[in-house]
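Subject: Structure handover

Hi,

Here is the structure for you to look at. Please open it first, then read my notes below.

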Amino acid sequence: MKIKYIIQGKNDPANIYVFLSAGFRKEFKRKTGKTINPKNWDVEKNSLIGRTDDIKNLRVDLEELSIFITRAFNKDEPAGIEITGDWLQSQIDLFNGKNAPVDLDILTTYIQKYIDEAPYKQNAKKELGLSRGRVQNLKLFKNTIIKYETDVLKGKSILIKDVNLQFLERYKLWMFGKGYSTNYVGKNIANFRTVCRDAFKNDIETSIQVKNFKGISESREPEDIITLNEDEQAEIKKAILLREALINARKWLLLGCLIGQRAGDLLSITEKNIKEIAGVKIIELKQQKTGKLVAIPLLPEALEILKDGFPYKTSLSRFNEYVKDVCQVAGIDKPTKARIKEKKGTPHKKDIFPKWQVISSHVCRRSFATNFYGRIPTPILMNITAHGSERMFLSYIGKTTYDNAFQMIEYFNKLAPRTKEAPAMEVIRNTGTQK
C-alpha cells in the first residue's frame, strides 16, 4: 500500500489530492479538503515547498492523514473490507471531523421510514393516513431507486443530501433510457420532493435545491385512452365463458362500466352497499381515495347483471388477469396503441396490441365517464368519478374544452325555439382562416 499527494492544474488555490495505491488495479484518488498555492508545490517530488508556519502546519496535517489512512487500511483490509474510492473518502471525512452518514441519511432507508409512518402522515384530505395506492406508489419508488443504485452506482447507496438538480437530471435520463413513461418519471420526481422535504423537517441534511424540484407529465393521446364502448360491452355480455372465475370477473367488469368507481372501491362493494331510495336502487359507498360518500343509481343494465346474485370478492391482481381472458374470449381484439408491462417490475412498453391484452381495472371508470359524457351533465359525472376539476375530467376521457363547448351548443339548440329572431347556433368544428 502506497500513499502520495498530488495537485492538478495551476489555479490558486489548487486542491491537494491523496493518491492511494492498494494493489493491482486498486488505485484511488480523492480530495483531501486541503488547498495550496501551486508555487509552494514541488510537482516532481509531490511535496510542499516553503518554511512558513502555514506550510509547516499543512505538512503535519498531510503526514497525519497518511498515518490515519494507513492504520485504517491495516485494520480493514485483513478483515475483508473492500478498499474502494468510497472507503478512501470515508477515511478522509473521518480525519477531517465529518460525521459518517447515519441510517436516515440514506435515501432508501428514509423512504422506508416514510412508508412505515404512512398511517400517521397527513393525506390530501388533511386527514391522517396515506391511502393504499399512495403507499404502493412509494414502494415502487423505492424499488426503482434500488435498481438505479445497482445499475448505475454499483450498489452504492444514495444520500439524501446528494439529491439535487444535477442528480435528478441523471436519474431522469436513466429512467427514460430504461423505457419508463414520462408520467412515471414525473411521479418519481414528485416523490423525491416529498421525501426530501420531510427529511428536512426532521433535521436531515438536504440540498437547498429541493424547492426547485419540478415534476413532469405528458398529455395522453386519445388513442392511448382505453375504454369499452357499449357494443363491446354487449359482446362481453354474450361471450360463452366456461370458468366460474371468468364469469365472476365479467360481472365486476360490466358493473364497473356502469357505476364509474376506481377498482379498489368497485371490488369492495357488497350487497350491503345497495340501498333503495324513493323506489330507486342505488349503490352507496365511501371512496377510499377521496373519502367522499357517493350514491350511484343502478341502471336497468346494472340490475340485469345483478339479478342472479352479486359477484363474489376477488383480488385486484386476479381481476386484472381475468378481465383480459374475458375480453379475449369476447373477441375484443381491435389493434390498440398502449403501454403495458410485459412482466412485473419492468418498464412499460409502448406498442400496438390486441385490445384485450391492454384491458385492466382502469377501463371500468374510464368507460363509464366516456360513454356517459354528453348524456349525463358533466358535474354529475365528476361527482361520481371523483375528479377534482373539469379540466382533469376532460383530460381523463380524452376530451378538450372545445368538446365541452360544442356539447353546450348542441344542448342549447335542443332547448331554444328556432325563430327568425333567435336563430339556432351552429356547431362549427373546422374554423379555417378566413380570407
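What share of the 435 residues in the protein is buried? Buried residues make up 39%. Keep in mind that this is a predicted model.

Some overall numbers come next. The protein has 15 helices and 10 strands. It exposes about 26500 Å². Carbon and sulfur atoms supply 51% of that area. Now take the contacts between residues at least 6 apart in sequence. Of these, 56% join residues at least 24 apart.

Next, look at one pair of helices. Helix 8 covers residues 244–259, and helix 11 covers residues 316–329. They pack at an angle of about 95°, with their axes 9 Å apart. Angles of 65 to 115 degrees count as roughly perpendicular, so helix 8 is roughly perpendicular to helix 11.

Which residues make the contact? Helix 8 brings Ala 245, Leu 246, Ala 249, Arg 250, Trp 252 and Leu 253. Helix 11 brings Phe 319, Tyr 322, Val 323, Asp 325, Val 326 and Cys 327. The contact residues divide into 10 nonpolar, no polar and two charged.

Last, the cysteines. A disulfide is a covalent bond between the sulfur atoms of two cysteines. How many disulfides does the structure hold? The count is zero. Cys 327, for one, is in no disulfide. Its nearest cysteine sulfur belongs to Cys 257 and is 8.6 Å away. The cut-off for a disulfide is within 2.5 Å. Cys 327 has a relative accessible area of 0%, so it is buried. Cys 196 also counts as buried, because its relative accessibility is 0%.

Best wishes

Notes:
Residues numbered from 1 in each chain as written. Predicted model: local features only at pLDDT ≥ 70, side-chain atom pairs only at ≥ 80, totals over all residues. Heavy atoms only, no water. Buried < 20%, exposed > 50% of the residue type's maximum accessible area, 1.4 Å probe, protein only. Axes fitted to C-alpha atoms, helices over the stretch in contact; angles between N-to-C directions. Helix = DSSP H or I, 4+ residues; strand = E, 2+ residues; numbered from the N terminus. Parallel < 35°, antiparallel > 145°, perpendicular 65-115°, else oblique. Contact = heavy atoms within 4.5 Å. Nonpolar A, V, L, I, M, F, W, Y, C, P; charged D, E, K, R; others polar. Areas by Shrake-Rupley, 256 points an atom, 1.4 Å probe, with all protein chains shown as cover.
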